[in-house]
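This report covers a strand arrangement and a set of charged pairs. Please keep the model open while reading.

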Amino acid sequence: EGCTKLEGNIKDLPQSITKLDLTMCQKLEGDIESLKDMPLTSCDLYCCEKLSGNIQAFANMPLEVLNMEYCGFNRNTGESKITGNIKDLPQSITDLNLYACVKLEGNIEVFKNMNIE
């Protein structure tokens, strides 16, 4: 399922999007930095394997939902193209999935004041 045949670069998305669901868009390319000025409250990049970038791009968003499972992750090599420190994630997040974001750093203590489900 998902948009497995959709191609292009995420930098070409409109900056006005508030809910972005690119689940299984395995051919989409780009740096998540291009999303930084979007007023996203929900962002689902599940299995967007060709994306890359630093999660600091999400720092100033009003995000409530963030799913980065297998985003930028190469299942053959176990390498991830998603980097950064979890301290840069917005405190507004209530639903968070960072599965297979193996290059992320930080202390999970940053989540203690977040209302994560």
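In this predicted model, Gly 30 has Leu 51 of β5 as its bridge partner. That contact belongs to the pairing of strand β3 (residues 28-31) with strand β5 (residues 51-54). The two strands run parallel and are joined by two bridges.

Now the charged pairs. Side chains of opposite charge can pair when their charged atoms come close. The count here comes to six salt bridges. The table includes three of them.

| Salt bridge | Closest N and O atoms |
|---|---|
| Lys 27 with Glu 7 | 4.0 Å |
| Lys 11 with Asp 12 | 3.4 Å |
| Glu 79 with Lys 103 | 3.8 Å |

Take the salt bridge of Lys 27 with Glu 7. Lys 27 lies in the loop between β2 (19-21) and β3, and Glu 7 in the segment before β1, so the pair ties together parts 20 residues apart in sequence. Lys 27 counts as partly exposed, at 37% relative accessibility. Glu 7, at 59%, counts as exposed.

Lys 11 and Asp 12 are both exposed.

Glu 79 pairs with Lys 103 in a salt bridge. Glu 79 lies in strand β8 (residues 79-80) and Lys 103 in the segment after β10 (95-97), so this pair links parts 24 residues apart in sequence. Glu 79 is partly exposed at 45% relative accessibility. Lys 103 is partly exposed too, with a relative accessible area of 39%.

How values were computed. Residues are numbered from 1 along each chain as its sequence is written. This is a predicted model: local features need pLDDT of at least 70, side-chain atom pairs count only at pLDDT 80 or more; totals for chains, interfaces and linings use all residues. Side-chain values use heavy atoms; hydrogens and water are left out. Two strands pair if DSSP finds at least two bridges between them. Helices (H or I, at least four residues) and strands (E, at least two) are DSSP runs, numbered from the N terminus. A salt bridge is a side-chain nitrogen of Lys or Arg within 4 Å of a carboxyl oxygen of Asp or Glu. Buried means under 20% relative accessible area, exposed over 50%, partly exposed in between (1.4 Å probe, protein chains only).
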